[in-house]
Amino acid sequence: MKPSPFDYIRAASAEEALDGLAAHGEDARILAGGLSLVPMLNFRLVEPAMVIDISGIGALDYIRLDNGAVEIGAATRQSALERWDGIADRLPLVHAAFPHIGHYQTRSRGTVCGSVAHSDPSSELPLCLAVLGGEAVLRSAAGERRVAASDFQTGMLTTAKRDDEMVAAVRFPVAEPGSGYAFAEMAQRRGDFAIVALAASASGERVRLGVGGVADHPTVRQWDGLAGGALDDALNAFAWELGGYDDVHATARYRRELVRRLGRKVIEEARSCRS
Amino acid sequence: MPQLNRDTRHAISFTLNGKPAQGHAEPRMLLSDFLVHELGLTSVHVGCEHGVCGACTVRIDGAVGRACLTFAVQVDGKKVDTVESLTPEEGGLNELQKSFRSNHGLQCGYCTPGILMSLSAYLEENPKPSEDELRDMLSGHLCRCTGYVNIVRAVMEHVGNAP
Amino acid sequence: MSQTQEKYVGQSIDRVEDAALLTGSAMFSDHLPTRSGTLHAAILRSPHAHAEIAAIDVSRARAMPGVAAVLTGEDVKDISDPFLIVLRQPILQWALAVGKVRYVGEPVVVALATDRYRAEDALSAVEIAYRTLEPAVDPEAATEEGAPLVHEAVGSNIVSVRDFAYGDPDAAFAEADRVVKLKISYPRNSHTPLEGFVASVAYDAATESYDVQSNFQGPYSTHTVISKALRVSSSRLRMRTPAFSGGGFGVKVQVFPYIVLMGAASKIVGRPVKWVEDRLEHLSGAAAAPNRVISIEAAVKNDGTITGFRFDQLDDYGAFLRAPMPGPLYRMHGILTGAYDVKNLAVTNRLVLTNKCPSGMIRGFGGPQMYYAIERLVQRIAVELELDHYEVIRKNLVPAGVFPYRAAAGALLDSGDYPAALEKAEKEGKLAELRKRRDEARAEGRLYGIGFAAIVEPAQSNMGYLSNILPLEERRKNPKGGAVSNATVNIDPLGTVNVTADSIPQGQGHMTVLSQIVADNLGLKPGDIHVNLEHDTAKDAWSIATGNYSSRFTSSTAVAADRAAKKARAKLARIASQTLNVPADRLEFGNGKIYAADNPDNAVNLYRVAGSAHWTPGNLPDDMEPGIREIGSWSPPELEPPNDKDQINSSLTYGFVFDFCGVEIDRDTGAVKIDKYVTMHDSGTLLNPRLAEGQVHGAFAWAVGCALHEEFAYGEDGSFLNGTFADYLVPTAWEVPEPQIVHMETPSLVTPLGAKGVGEGNCMSTPVCIANAVCDALGIENVTLPLSPNKVSALIHGEERPPPDGAEAPSAAREVAGNVIAGAGEAFVKSPPGEVWAALLDPEKLASVIPGCHALERVDENDYRAEVSIGAGPVKGRFKANVRLSDLDPPNAATLTGALTGMLGLSEGSGRVTLAPKDGGTALSYDYRIEVSGTVAAVGGRMLEGAARALVRQFFERFATVLGGGEVAVADEAAPSWWTRLLAALGIGR
């Protein structure tokens with residue numbers, strides 16, 4: 001299990017990295033924390049001609065409040081967000097999700113943007129981004145665009161990002177006052193990728209529920225004033241819409257079961273957190 | 001750093017356990033292979049090469065990382081610490097290592113240096129973890145010998161949280 | 001001053017191994033120096049469960065930079081022989097596949113290069129053409145008439161059948177009040193040491209000998225298999241094993257085929273060769289404990305007394321029978337009645353081969369499977385008779401006071417008091433409180449259950465147990481038994497003590513225990529004893545029983561060391577008796593001195609006495625050899641060959657383990673939580689209690705994994721599905737609770753130190769104890785491990801709530817099972833069917849719509865070969881594709897059959913597309929089903945699942961696209977999708 005040969009650029013600036021992408025396009029891969037990319041390199045599932053390392057770009061290592069959102073740069077480690085002093089107040093949903101995100105040892109190297117860019121359907125951070133209605137900031141040598149999370153993830157590990165673009169930042173909307181948030185997931189072991197992950201926000205009578213691990217990308221539904229049997233019906237309909245798939249760990253049916261059962265729990269918890 | 005060609009062994013200078021170290025590696029060489037086969041470190045153990053088992057865990061600029069998910073060229077100019085860095089100035093074992101020994105917190109010892117490196121960073125941030133917190137952190141390592149019981153005991157005793 | 005020597009045996013002293021391990025200076029196999037010029041090997045493995053090898057082309061691989069050689073099965077076959085097996089059956093296996101592959105992960109080609117990276121590069125340039133065959137995957141199906149044959153020459157997949165009867169089982173069953181039956185299926189799993197195999201071999205042409213450095217763990221009976229395969233005498237196969245190994249658990253005997261492979265490679269290329277197994281190789285190709293199907297019956301009386309057992313065991317050994325297989329079936333043979341006093345027993349043992357990884361030696365070695373059947377059945381007896389499970393166990397135990405007790409099938413239970421052990425566990429483990437806890441939980445509507453298991457833990461295998469697989473006449477010719485162990489105590493000229501031994505440690509702390517034993521004999525401290533457990537067959541004593549397995553250490557090597565130390569002591573005493581003028585039998589050893597028992601002041605330092613054997617050999621007693629190098633060897637007389645009634649004392653010592661636990665099941669998720677676990681051990685005398693507890697913890701943790709998480713999964717086509725540690729789920733510190741250990745020490749009567757084995761008991765007791773608790777919690781008859789939340793959910797959640805009215809359930813075809821991906825879709829094209837049809841049969845258009853198609857070659861009418869690069873998200877692979885259109889019904893329907901092969905694995909599939917006129921255009925509908933194997937399937941579980949699945953799905957959707965199907969995807973502006981390309985190619989546009 002050793003990678004195929006590749007050329008390597010340790011980019012000193014975002015511009016350098018983007019020039020590399022412009023030059024090499026789909027043959028290049030961005031390396032930040034390496035938690036998603038390097039296992040695939042080691043298995044030779046990915047054989048890029050060029051690896052562009054952005055982990056040392058200081059200008060991309062930031063967490064800042066900007067226009068109602070928390071913006072996180074591409075070189076920012078997950079552990080930095082986890083320890084950010086505003087996380088509990090500004091991003092309570094992400095705060096609740098953190099214990100489920102990998103392990104202490106992977107959060108210390110893995111980046112927030114890398115997780116979003118990798119776009120695994122059961123990853124927690126892309127799910128939070130989707131439920132909160134956040135954005136990915138995509139940058140290329142030609143310019144920058146912002147894509148809503150719902151448009152960014154297009155399928156299993158696939159995104160709207162072009163080959164000459166990188167996820168330069170992600171923007172999580174700051175928690176709305178009075179809203180409640182909750183996160184739950186079922187994984188076989190601590191820190192494993194979720195079989196099903198669920199994130200909910202509740203504001204007044206409005207509820208948003210996001211589900212990861214069932215469809216091929218995180219999917220969000222919004223309901224108003226649902227309770228009791230109506231909520232169960234809505235969750236059941238949602239579960240069937242998501243469909244799910246069988247793999248070595250779980251059946252589609254089990255995934256749907258978790259959507260129905262844990263969906264209710266996580267919505268109730270989010271509602272109870274409203275102030 | 002300019003673009004590094006795939007076929008060339010590039011010079012890498014970094015600080016290893018507080019001392020300057022040099023070596024050469026192609027861009028694709030994993031840090032784990034570099035430390036073991038280029039620099040002759042016996043403390044770095046490879047268990048899965050996909051970041052799950054934690055046996056190769058080291059500290060890179062202070063943060064814990066999997067050496068198998070890092071390329072040697074990435075540590076140029078950086079500070080890498082392996083379990084050798086824990087040895088006190090006077091030699092022997094540090095207090096945590098002693099606690100591992102007295103609690104039988106290791107058997108084959110293959111996972112141990114990685115676990116110690118995680119702990120060395122983690123206990124700086126959380127010097128007195130609860131057992132749950134500790135087990136959560138340890139879930140980033142696989143151990144096939146000990147059932148984790150005595151690892152937990154060793155750490156809890158070390159931090160003064162033994163029951 | 002008192003000279004009384006403190007005794008170290010029995011104390012929990014710190015380990016002498018730990019300083020090196022904790023500071024990182026301990027050298028594991030990959031760290032050991034190799035000779036300059038050593039080549040590094042990488043192995044290409046079969047992506048198929050069953051296929052003929054039609055052709056292998058290594059020419060491009062051989063020409064790559066840094067590559068010294070690329071070898072195939074034919075190269076290896078020229079210079080080596082098939083591995084010896086215990087049966088006389090034409091099951092021929094070389095170190096690389098010859099002619100045919102029989103499991104996913106089977107080595108097919110080995111590349112040797114200046115480093116591992118380049119060796120792996122070479123593998124990606126090897127081209128192999130396979131002709132796939134139907135595989136035999138399920139063990140029961142494999143026994144049926146007409147099943148695909150794993151080895152045609154055998155004529156059947158069942159390679160051995162043996163029937164045994166002890167006592168009068170027919171009478172017992174005829175007279176029984178009731179017969180309780182159960183059929184169980186035990187899954188495949190392995191202990192997966194964190195360090196993989198390492199084999200470093202140098203062939204010396206001058207002496208025609210092989211020098212091997214490997215983390216091989218024995219048994220050294222396998223050394224014979226290696227030397228025979230390499231066609232040398234055993235003295236020309238020097239096996240060197242390191243002092244430190246990153247976990248063994250039995251698994252590391254299975255490095256032996258790779259030692260043969262690297263030996264052959266070294267001979268062919270004339271240079272030393274080193275191979276380090278990686279994790280994907282280990283999980284797919286190292287070994288698994290055999291999965292087993294057991295139909296078990298008990299003849300019982302209404303009061304719960306068991307009067308007879310009947311076993312029908314079908315053990316699945318995978319694609320080959322490798323030494324020391326079929327150990328798991330016969331190692332437990334003498335103790336098939338478990339902890340129970342049951343005189344009547346009937347057994348049928350059948351061995352079946354299937355297209356899966358060969359089974360091997362894994363901790364527990366047959367015990368987990370066998371006890372799963374017995375202890376599940378005892379729980380069923382309690383349920384069916386409406387008795388308390390604990391009481392049924394107690395009623396049937398071998399009673400106190402009958403030891404040594406000859407079990408029905410021949411085990412000589414050496415010592416114990418099982419009822420007392422039960423009582424101790426019940427009391428100290430607070431069983432009554434646990435029962436109350438269950439009642440309270442149930443009153444609240446929670447799912448809570450209690451499980452029990454009582455087992456006898458065998459240790460130190462009789463080297464003759466496997467001969468019970470042979471008919472009496474055959475084994476009479478060459479009766480086998482015994483188990484020889486060796487240790488050496490060497491005292492050097494300055495009087496320091498060095499110990500070597502044949503235990504081949506894998507992390508258990510043998511150095512420490514040997515230092516305790518030798519220190520006690522010589523009146524020294526453990527720190528004074530230098531133990532070196534590197535082993536070298538060219539220099540150290542060894543025998544066929546040498547190695548680390550069957551929990552043999554405490555009753556074998558430890559005894560040999562004790563004997564060697566006693567010899568050294570006797571020699572020192574004779575020398576000292578001259579100096580001190582005291583008869584040797586009146587001398588004591590303590591605190592580094594030898595002294596007169598009745599006058600401690602009359603003393604001499606041990607090192608001086610030892611030194612005199614080197615410095616002044618002339619002063620030694622006349623019949624005494626100079627120097628002090630004493631070898632202790634022993635083989636316990638109780639380990640006799642099987643007798644004429646097929647009785648076999650299959651192990652030397654028999655410990656007792658009794659477990660109980662409480663589990664709770666989450667009603668929403670099906671997750672099983674172990675609330676409390678109590679494990680009672682009587683392992684005889686504990687030489688170092690702390691180390692013994694460590695063994696219990698380790699066995700328990702793996703057993704929790706087996707109960708809840710761990711299983712090697714295979715698809716119906718034999719593809720292997722969990723090739724990563726993200727898919728083969730080893731429990732972490734979060735999942736493994738701390739068990740409460742209760743000890744009792746009844747010394748063994750058959751080993752001088754009184755110690756029994758302790759490292760395997762929980763592998764046997766814990767999986768079934770947890771299963772019993774889950775059955776109790778759910779009130780169900782049977783469960784199959786591992787009890788994943790998914791599986792338990794299916795047991796508790798009943799029928800799924802249907803989709804809301806009007807909504808359709810996704811058809812089963814849209815779901816993906818394991819490595820099988822199936823789907824269906826519809827699309828609309830504006831051109832009429834005739835045009836679409838013509839476009840599909842046009843090779844140029846076909847080439848233009850196959851994504852990443854580099855070259856499309858027409859092989860025959862409607863039969864094409866192409867090179868394609870396809871990717872999904874970040875994953876990209878280059879494949880060879882074969883595409884065929886058949887069952888043509890122009891312009892209405894066609895069947896597409898496709899096969900992809902590449903480094904990432906392969907897939908095969910077919911689909912049917914239909915075209916129907918609609919609104920002046922064509923309505924296309926299609927369905928497909930493909931199977932995936934190789935790397936993509938193996939690592940396609942959790943971590944890379946998304947990537948692998950997307951890759952495959954996308955590929956087939958593109959295939960479907962070629963036929964004009966596919967869901968209408970929204971095209972990305974910058975990267976036109978396959979759909980827009982298809983439409984463009986069809987000249988239609990959107």
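Two residues are in contact if their C-beta atoms, placed from the backbone, lie within 7 Å. The model treated here is predicted; local features need pLDDT of at least 70, side-chain atom pairs count only at pLDDT 80 or more, and totals for chains, interfaces and linings use all residues. Residues are numbered from 1 along each chain as its sequence is written, while chains are lettered from A and ligands numbered from 1 in the order in which they are written.

**Exercise 1. Describe the contact between chain A and chain B.**

Step 1. Chain A contributes 23 residues and chain B contributes 27 residues.

Step 2. Elements are DSSP runs, numbered from the N terminus: helices (H or I) have at least four residues and strands (E) at least two. On the side of chain A that touches chain B, two or more residues come from each of strand S1 (7-10), helix H2 (37-42), strand S3 (50-53) and helix H6 (104-107) of chain A. S1(A) gives the most to this side, with 4 residues.

Step 3. Ala, Val, Leu, Ile, Met, Phe, Trp, Tyr, Cys and Pro count as nonpolar, Asp, Glu, Lys and Arg as charged, and the others, Gly among them, as polar. By class, the side of chain A that touches chain B has 11 nonpolar, 7 polar and 5 charged residues.

**Exercise 2. Describe the contact between chain C and chain B.**

Step 1. This contact takes 48 residues from chain C and 43 residues from chain B.

Step 2. Helix H1 (18-23) and helix H19 (689-708) of chain C are the elements that give two or more residues to the side of chain C that touches chain B. The largest share of that side, 8 residues, belongs to H19(C).

Step 3. The side of chain C that touches chain B divides into 22 nonpolar, 17 polar and 9 charged residues.

**Exercise 3. Determine how H11(C) and H12(C) pack.**

Step 1. Axes are lines fitted to C-alpha atoms, for helices over the stretch in contact, and angles run from 0 to 180 degrees between N-to-C directions. Helix H11 (residues 367-385) and helix H12 (residues 389-396) of chain C pack at about 115 degrees, with their axes 8 Å apart.

Step 2. Val378(C), Gln379(C), Ile381(C) and Ala382(C) in H11(C) meet His389(C), Val392(C) and Ile393(C) in H12(C).

Step 3. By class, this contact of H11(C) with H12(C) has 5 nonpolar, 2 polar and no charged residues.

**Exercise 4. Explain why S23 and S25 of chain C each have one side without a neighbour in the sheet.**

Step 1. Two strands pair if DSSP finds at least two bridges between them. In chain C, 3 strands form an open sheet with antiparallel pairing, in the order S23-S24-S25.

Step 2. Strand S23 (587-590) and strand S25 (599-605) of chain C stand at the edges with a single partner strand each, so one side of each has no neighbour in the sheet.

Step 3. Neighbouring strands of this sheet are turned by 35 degrees against each other on average, direction ignored.

Step 4. Strand S24 (residues 593-596) of chain C pairs with S25(C) in the antiparallel sense over 4 bridges. Ile594(C) has Val604(C) as its bridge partner in S25(C).

Step 5. H17(C) packs on the sheet and touches S23, S24 and S25 of chain C; the direction of H17(C) makes about 115 degrees with that of S23(C).
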